[in-house]
Amino acid sequence: MYITLFGQQFKKALRAKVFTQGWGIKILIGFLVLYFGLSFLALGFLLPEIIHETHPGEALVTPIFGEFVLYYVLVDLAMRFFLQDLNVLSVQHYLLQPIKKKTIINYLLGSSIFNFFNLLPLLFIIPFAIRAAIPELGVMSGVSWLAAMVFLVLTDHFLAIYIKRVAAVKQLVFVLFAAIVALLFAANALEWISLRDASIVVFGKLGEWWFAIVILLVVGLVYAVNFGFLLRNTYIDKWKKQKVTAVAQNFDFLESKGVIGTMMSNELKLILRNKRTKSILLITALFSAY
């Protein structure tokens, strides 16, 4: 059954909208994918030299890398929360078929692993492990280090989609999550806390085999939490579109500027009333900072 479901998912991916768009869009998307992929790949290969230049007195670069893992975990979690797609509607029609709900949920969670946000960290982690972690820590410890980092990527993945699913039911979760991440980085910038010291404490044993097993158990725990949440909420009537009362927003300061101001006000109303355009507006602000 899982092979059949993944086969249908692959066929659906080949019929995705991106493959039916013009060559200009395809070339642009391909360029962006190639750019970010090569950037992460180059960073993974060159990071040992970068660390040696920034820390000339240190002989090993792997422990220094561990000092910043917590930064990566928080930033990656925030980026996934805002940008990663849940893809829940892909199994909606399966709920009407004689297929066990547990099979559908396992398929939904398993197929979510294959996405761009999980590929990019691997392009960065694997070269660094080959060039630095394995030569410095040894083969067994280096492989344990690599496994632990891969498990961390999966932990971020399942934790982000769980928070997004809960936030879709309870809007307050979104506000709390954004506030916690912002407060952590603000407190670190004001030197009230040190994320670097916390990263050393939490991830100081990355090369140990037992630490990789601990993170694997964390992955299993977050997976089980996702599974339980979906098992309680995956019903066809819960995924039906509900009627939403439209709330008109007024931009009096623009409408008072004449015809052009009125047109700008109408354009803003159209942008803010649609979820996709609001997301693009947020992504534009984030990439402007980038």
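## Packing of α8 and α11

In this predicted model, helix α8 (residues 139–169) packs against helix α11 (residues 209–233) at an angle of about 20°, and their axes lie 9 Å apart. Because angles under 35 degrees count as roughly parallel, α8 is roughly parallel to α11. The crossing of these two helices is left-handed. Residues in the contact of α8 with α11 comprise 21 nonpolar, 3 polar and 1 charged.

## Packing of α6 and α11

Helix α11 also packs with helix α6 (residues 101–111): the two axes come within 10 Å and cross at roughly 130°. The two helices are therefore oblique to each other. The crossing of α6 and α11 is right-handed.

On the α6 side, the contact is made by K101, K102, I105, N106, L108 and L109. On the α11 side, the residues are Y223, N226, F227, L230 and L231. Sorted by class, the contact of α6 with α11 holds 7 nonpolar, 2 polar and 2 charged residues.

## Packing of α5 and α8

Helix α8 has a further packing partner in helix α5 (residues 69–83), at an angle of about 40° and with the axes 9 Å apart. That angle makes α5 oblique to α8. Helix α5 passes α8 in a right-handed crossing.

From α5, the contact uses V69, Y72, V73, D76, L77, R80 and F81. From α8, it uses L152, V153, D156, H157, L159, A160, I163, K164 and A167. The classes in the contact of α5 with α8 are 11 nonpolar, 1 polar and 4 charged residues.

## The chain as a whole

The protein chain contains 14 helices and 0 strands. Of its 290 residues, 32% are buried. Among contacts with a separation of 6 or more, 73% are between residues 24 or more positions apart.

## Confidence

Mean pLDDT for the protein chain is 81, with 84% of the residues at 70 or more. Confidence is highest in α11, at a mean of 91. The lowest confidence falls in helix α2 (residues 17–20), where the mean is 58. Where pLDDT is low, the predicted coordinates should not be read in detail.

Terms used:
Residues are numbered from 1 along each chain as its sequence is written. This is a predicted model: local features need pLDDT of at least 70, side-chain atom pairs count only at pLDDT 80 or more; totals for chains, interfaces and linings use all residues. Side-chain values use heavy atoms; hydrogens and water are left out. Axes are lines fitted to C-alpha atoms, for helices over the stretch in contact, and angles run from 0 to 180 degrees between N-to-C directions. Helices (H or I, at least four residues) and strands (E, at least two) are DSSP runs, numbered from the N terminus. Angles under 35 degrees count as roughly parallel, over 145 as roughly antiparallel, 65 to 115 as roughly perpendicular and the rest as oblique. A crossing is left-handed if the near helix is turned anticlockwise from the far one by less than a right angle, and right-handed if clockwise. Ala, Val, Leu, Ile, Met, Phe, Trp, Tyr, Cys and Pro count as nonpolar, Asp, Glu, Lys and Arg as charged, and the others, Gly among them, as polar. pLDDT is the predictor's confidence in each residue, from 0 to 100. Contact means heavy atoms within 4.5 Å. Buried means under 20% relative accessible area, exposed over 50%, partly exposed in between (1.4 Å probe, protein chains only).
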